[in-house]
Each structure stands twice: as structure tokens, then as C-alpha cells.
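Please look through the sequence and the model shown below before reading on. The paragraphs that follow lead from the meeting of two chains to the folding of one of them.

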Amino acid sequence: MKLITVAGPPSSGKTSVIIKTAEHLKKSVGKIGVVKFDCLSTTDHAVYARAGIPVVTGISGNLCPDHFFVSNIDDCVQWAKGKGFDMLISESAGLCNRCSPHIKNVLAVCVIDNLAGADTPQKIGPMLRYADIVTVTKGDIVSQAEREVFSFRVRQANPKASVVFINGITGQGAYDLSHSFMRSTDVDTLEGAKLRFSVPAAICPYCVGEMTIGVDHQKGNVKKMSFQEVSA
Amino acid sequence: MSADLLNIPFAVITDEHPYAEDYFKSVNITDFDTELTPNEIISSLDDNELAENGFSKDQIASHFIEFIAQASMLKQTAFRAVESITIIGGQDKSGRKEDMELTLVPGDILCIVGSTGSGKSRLLADIECFAQEDTPTGRTILVNGKPLIGEDRFRLENKLVAQLSQNMNFVVDMSVGDFITMHAVSRMIPDIESTVKNVIACANDLAGEQFTPETALTQLSGGQSRALMIADTALLSSSPVVLIDEIENAGVDRKKALELLVQKEKIVLMSTHDPILALMGNRRIAIKNGGIAAVMETDDEEADTLEVLEILDAKMMELRQRLRAGERIGFDMKKYFGLK
């Protein structure tokens, strides 16, 4: 099963990007599932359900969303495998710019929007700097000049990533992204897999710099998800 | 570009790559001895402090090499030219074949007409992603007579299309001069100062009302913003193809705007409902039910039509000017428009 992690600041258009990309993927990939990580509440599961995409939600509550993500992402993989999915896409909001949810050897996507201002690519940390693909949204409402400056700044912040512009409303550009999703590698388990960069500090092993995923490393203040699917 | 770069004194690197310093600034490294090499500068940094800010030494070093490589490539390809773009038909929403092939060369203006939802944006999207019979329309787009295949198709360097639409606004809070300078810097233009001057002069020529480099972007009127966007796209954007979604009539000399783009050897595709704009193109295509229903050359009769429409347009413009000047316009309109 292919796994893709999508992260980005709140309201940057992650859900729209995933749904528009999934429309293209449906033709070539079999079953696609989404796991949505959020902090307090989310209504995006209804949006996914309407688009015909199976989704589960994980709410981190008072925990650092990144720590919650690391403690649960392998469970998500096992759930998705049990469901017979061919691709699992995780969506998580990067709330502080120090967020770092990307995993080595797992395709990592960062979604940011053009409205965030020209300095934003420099301000966002590992979430952007360690991503394989940076997706830029809301280009339809800013000038061509601002789009060009923005993409230059993104390249400066992460010269190794490819930059894809997507219009979340019309889906323009989503075909390009779906092409990259297809090239992601298969994942069987994340047990032992490594994060690309340590997550922000907070009171479990991950708070003090643990980077290995797995049950043995989940001690202290660990919170697990319940896998309840929502139907349309 | 290789790891050797890390062992060359910084001052030597900046001679050839002035943007190198910009990269270090972007990762919060300022105030260093330029006689040192990047390796020496990076290894003197504090690991803990870097981690706190989400950086690491390895990453800064490898990104630096990559950035310099990409930036020098960008500089070489600052203004790319395409010889032609070819659209090969696919099918419409009901599966009816579009039996057409259309080649556009620099200086061409192709207008796209059709009702809302007919599939105009889909055609523009096909061009933007160089469709290879793999989009819903099944169209193929060729560049210089050949398909772009494999990874080439998705590289940002190969993105050929600049877009201009009525919904676009400037969102940054800067002066016009600073903003255009920022754009020129990111485009690796050699002569920044005169380019910036040129863009602003051009924009002022397109807009009725003048603005200066000190004017804030947010203070520009709708017409001035549009004029600046057009001038900037014509003179500063690397994209050889410009997609325009309607240019409103107020405050911009549309004819001059199109002439400027054509003169800069752009291929212009413009979706419009306006008869004047539609006839300004050499050709137009009509879109119906997601498919290209007709390709029409602007003929001699239509050229005559355009002449009359332009006279009427000028008269409308004059009425606007009078309104603006606080005058009354209750005089004999039938006579004014030559209707009797």
C-alpha cells in the first residue's frame, strides 16, 4: 500500500488538494483512504465522505498534534491495510511552524497558500524544508508576479522539493500532483521507520527527541485513536 | 554544481552567484566572514540552536548546493522562447470527437468564446499541464511540435503559462517599486533598476491615471492594478504563453495591453465575452459542451465591425470621462452615437 503524508498550515487548502488529486488517482489506483488529523474538531470528514473517500479522524486535543501523529500513524497504516486500501493519504494541520510530520521514505507533501505572504516559505520550518513536494494553492486570486516570487522563495527554502501549483476549486494542477502520488513507494509497516526531523518538544519519549516509530517508544502521555468511519 | 562549492571562499562564490548571500539570509545566517568557505561557516553553527529552529547542518549544506545549481539554471533560462504550441483535439462531454489541430506562434492572439461552464477553463488547464490524451478532454498539447514527456512535463522550469484574471489582486503590502524589484530579483534579471522603471512606465501608459514607484500596491485602483499586472507579465514573467480571463474595460487601454504582449512575443489566449476583445484576436475558438465546436479566423467583415465597435467604445469612454469630471451627460444621445 502506498502512503503519502500531507501537511500544511490551517486553511491552506489541504482537503481540497487531496480531493482534487484523488479524482485523478481513482482511475489508476484502486481504493484510496484518508486519515485526517486535527486538534479540536473538524468537519472535513463530511467533505471527504461527500467525495466518496473513506476517512477516519484523529483528534489530538491537548497533545501536540505532531506527537499524536507519530504515535498513531502506524496504526493508521495497519487500519488502511486491513481495509484493503491501495493508497492511504494522511492529512495533518501544521499549527506551529516548527511542525515536522514527515517520515523517511514516505512521500511528503506540504501545502501552503499564496495569501500567506512572501516571507512565509522562510518562516515555515521542517514541514516545508523536508517535504518532497510543495503544493501552492490560491494562486487564482493573486497576481502572476506574486506567484513567481512565492515559488522562488519556496525553492530557496527547499531547493530539493518540486513545486506544484493547484487551484483547489477547479482542480487545475491536480493532475501533476496525482502523477507524483503514483510514484510513491509501498509501505507495509512504519515500525522502526524514522522521522525526517525531530518533532517539537512537549512529555513522552517523542518530546525528548525520540524519532523511531513503534509501540515500544510510546510511553508516558500517549493517546490512541479510535477508528470510527463516518458515512455520508 | 557539486560539493566542491562548499570549500570555496564565500566572497568568490558571490562574485558569480550574487544570490548566495540571499540563501544564507533565508536560513538566518548573517554576519559572517566572507573569506570563510560555506563549510567553515556552517560547521561553526550551534547544533542545538539549529535544531530549535528546525534546521540542521547537513540540510543547510545540501540545500545550498542545490539552490545555487537551480538559481544558475534559472538565470540561463531567464527568457525562454517557444516556437509554437499545438492543440490537437480530443472529445467533448458527450464523447463527440473534436476534429481539429491548431498551432499558435509567438505574437498570436487566440480568443476563446463560449457560455459559462462550457469548458473554457478546461482548455486553459489542458494547455497548462501539456495534456497528453490523459485529461478528461483527451486533448494533446505539443510544444515546438513535440510532446513534453516524462519528468520534463512536470518541471517548474518548463511551466510556460502566466495567468491573468479579473479575480487576481495584489495581496502584499509594499510599494510598487519595491514589489517589482522583488519580482525582478527572484527572476535573476541582470539590470534590475532599468527593468523596474520600464515596467512602471509601461503600466502607466496602459492605465489612464498615473502612479509612482512610491505608491503602495494596495492604493492602486482596479485599472492601475490590472495595468501593472499586464506590464509586469509582459516584461518580467518568463512564461511565453499568457492566459487571460477577460480584461475589464474600466481604466485599462485594452488594445495597447494586447499590443504590448504581442510585441513581447507572447502567445496570448484570452477567454472573453466582449466583442471588441474577441475581434482583436487573429482567431477565435467557440467552446460548447466541453468541446471545441468551431475555429474561426477573424475575417475582413469582422475587421470592419471592430472598427465601428471601437468608435462606439471611444464614445462610451468619453461619457465616462465627462461623468468623472462632474459634468452632466443629458445631451442628445441619439445624435452623439450617430443613431439618427
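At what angle do helix α6 (residues 144-157) of chain A and α7(B) pack, and how far apart are their axes? The angle is about 50°, with the axes 9 Å apart, where axes are lines fitted to C-alpha atoms, for helices over the stretch in contact, and angles run from 0 to 180 degrees between N-to-C directions. The helices α6(A) and α7(B) are therefore oblique to each other, given that angles under 35 degrees count as roughly parallel, over 145 as roughly antiparallel, 65 to 115 as roughly perpendicular and the rest as oblique.

This is a predicted model, in which local features need pLDDT of at least 70 and side-chain atom pairs count only at pLDDT 80 or more, while totals for chains, interfaces and linings use all residues. Residues are numbered from 1 along each chain as its sequence is written, and chains are lettered from A and ligands numbered from 1 in the order in which they are written.

In the packing of the two helices, A:Ala145, A:Glu148, A:Val149 and A:Phe152 in α6(A) meet B:Met182, B:His183 and B:Ser186 in α7(B), a contact being two residues whose C-beta atoms, placed from the backbone, lie within 7 Å. By class, this contact of α6(A) with α7(B) has four nonpolar, two polar and one charged residues (Ala, Val, Leu, Ile, Met, Phe, Trp, Tyr, Cys and Pro count as nonpolar, Asp, Glu, Lys and Arg as charged, and the others, Gly among them, as polar).

Across the two chains, 36 residues of chain B are in contact with 35 residues of chain A. The elements that give two or more residues to the side of chain B that touches chain A include α2 (20-26), α5 (57-76) and α7 (176-186) of chain B, and α5(B) gives the most, with five residues. That side of chain B has 16 nonpolar, 16 polar and four charged residues.

Chain B itself has 13 helices and nine strands; helices (H or I, at least four residues) and strands (E, at least two) are DSSP runs, numbered from the N terminus. Buried residues make up 34% of the 340 residues in chain B, a residue being buried if 20 or more other C-beta atoms lie within 10 Å of its own, exposed if 12 or fewer, and partly exposed in between, with C-beta atoms placed from the backbone.

Six strands of chain B form an open sheet in the order β5-β6-β7-β3-β8-β9, and the pairing is mixed; two strands pair if DSSP finds at least two bridges between them. The edge strands are β5 and β9 (291-297) of chain B, each of which pairs on one side only. At one end of that order, β5(B) and strand β6 (residues 241-245) of chain B pair in the parallel sense over five bridges, and B:Ala162 has B:Val242 in β6(B) as its bridge partner. Helix α10 (residues 254-263) of chain B packs on the sheet, touching β3 (109-113), β6 and β7 (267-271) of chain B, and its direction makes about 145° with that of β7(B).

Another set of pairings involves strand β1 (residues 85-88) of chain B, which four bridges join to strand β4 (residues 140-143) of chain B in an antiparallel run, with B:Thr86 standing opposite B:Leu142 in β4(B). The strand β1(B) also pairs with strand β2 (residues 101-104) of chain B in the antiparallel sense over four bridges, and there the bridge partner of B:Ile87 is B:Leu102.
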